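Work through the exercises below with the sequence and the 3D view open. Try each task before you read its solution.

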Amino acid sequence: MKRFWIKLGLVVMAVGTLGGVVSPSVASAKTKAKPTFTNTDLKRYYKSDKSKTAFYFKTYKTTGKKTGQMLILGDFGATPNVKYGVPTSIKLSKNKRTLTTKYKLIKFTTTDGKTTTSLTKTVYTFKLTKKTSTTFTTKLTGSKASRRLGTTGTTYTYTKVKKSPAAAYAKKYVKPTLYKQYLKAFEDSGALTVEQQEEYATKYADQGVTTMVNNFNYKS
């Protein structure tokens with residue numbers, strides 16, 4: 001997966017980095033100011049137990065040792081998957097409480113065993129609003145099988161955390177989902193004993209969990 005940035009590098013590098021977009025604000029001792037974005041916020045993970053999703057901005061090295069930005073969304077719900085986006089615009093509101101990001105999704109196409117990548121022509125938008133020092137709100141749109149960050153749909157509250165929630169979410173949400181799917185498939189085949197069905201369902205569910213975690217915790 002590392003190689004797909006070779007073709008998309010020029011698009012990614014044009015965005016630049018998130019560093020310097022915002023800076024920590026200092027509240028007056030007499031006035032309790034509403035929370036505003038800081039550079040630290042952009043270096044954290046955002047997770048939502050209710051939506052079973054998590055996302056973050058990933059800074060990585062492109063060809064030529066330049067830095068690029070990536071938006072990674074992990075959906076640990078009914079249809080576990082990870083989506084990768086390339087930000088095309090990142091703007092902070094005047095009150096520094098809402099970050100508006102425009103992005104294109106990366107498409108993976110496999111033909112004759114060879115996988116190629118491209119960017120969607122459609123530019124998507126989502127707004128991340130800071131409510132407290134650790135909570136933010138944004139919306140998820142699309143069907144249960146293909147959700148993405150957007151400006152319409154259901155609003156969820158996300159908690160900012162330092163550590164990737166992928167492993168915990170995959171174990172809690174993805175494993176039981178995949179286990180049930182594999183178990184049913186093996187039951188329908190009628191070719192295995194009950195013990196074998198459970199053994200293989202567990203094995204493949206564990207493999208799915210590992211893949212989900214690795215895809216979310218992208219290593220450049």
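**Exercise 1: Two lysines in loops**

K96 lies in the loop between strand 4 and strand 5. Strands are DSSP runs of E with at least two residues, helices are runs of H or I with at least four, and both are numbered from the N terminus. The model is predicted, so local features need pLDDT of at least 70 and side-chain atom pairs count only at pLDDT 80 or more, while totals for chains, interfaces and linings use all residues. Residues are numbered from 1 along each chain as its sequence is written, and side-chain values use heavy atoms, with hydrogens and water left out.

Task: Find the phi of K96 and of K52, then classify how accessible each residue is.

Solution. 
- Step 1. Recall the background: most residues other than glycine have a negative phi.
- Step 2. K96 has a positive phi of about 60 degrees, although it is not a glycine.
- Step 3. K52 also has a positive phi of about 60 degrees and is not a glycine. K52 sits in the loop between strand 1 (45-48) and strand 2.
- Step 4. Apply the accessibility classes: buried is under 20% relative accessible area, exposed is over 50%, and partly exposed is in between (1.4 Å probe, protein chains only). K96 has 38%, so K96 is partly exposed. K52 has 34%, so K52 is partly exposed.

**Exercise 2: Aromatic pairs**

Task: Classify the ring pair F55 and Y158, then the pair Y169 and Y173.

Solution. 
- Step 1. Take the rule: rings of Phe, Tyr and Trp (its six-membered ring) pair if their centres lie within 6.5 Å; planes under 30 degrees apart are stacked, over 60 edge-to-face, and the rest tilted. By this rule there are 18 aromatic pairs.
- Step 2. The centres of F55 and Y158 are 5.1 Å apart and the planes stand at 70 degrees, so this pair is edge-to-face.
- Step 3. F55 is in strand 2 (residues 53-61) and Y158 in strand 10 (residues 154-161), so the pair ties together parts 103 residues apart in sequence. F55 and Y158 are both buried.
- Step 4. Y169 and Y173 are edge-to-face, with 5.3 Å centre to centre and 75 degrees between the planes. Both lie in helix 2 (residues 166-189), 4 residues apart, about one turn of the helix.
- Step 5. Y169 has 4% relative accessibility, so Y169 is buried. Y173 has 10%, so Y173 is buried.
- Step 6. Now find the cluster. F37, Y46, F55, Y103, Y124, F126, F136 and Y158 form one aromatic cluster.

**Exercise 3: The largest nonpolar core**

Task: Which residues have the most contacts inside the largest nonpolar core, and which elements give two or more residues to this core?

Solution. 
- Step 1. Define the core: buried Ala, Val, Leu, Ile, Met, Phe, Trp, Tyr and Cys residues joined through side-chain atoms within 4.5 Å.
- Step 2. The largest core has 25 residues, and I72, F76, Y84, V174 and F216 have the most contacts inside it.
- Step 3. Strand 2, strand 3, strand 4, helix 2 and helix 3 (194-216) each give two or more residues to this core. Helix 2 supplies the largest share, 6 residues.
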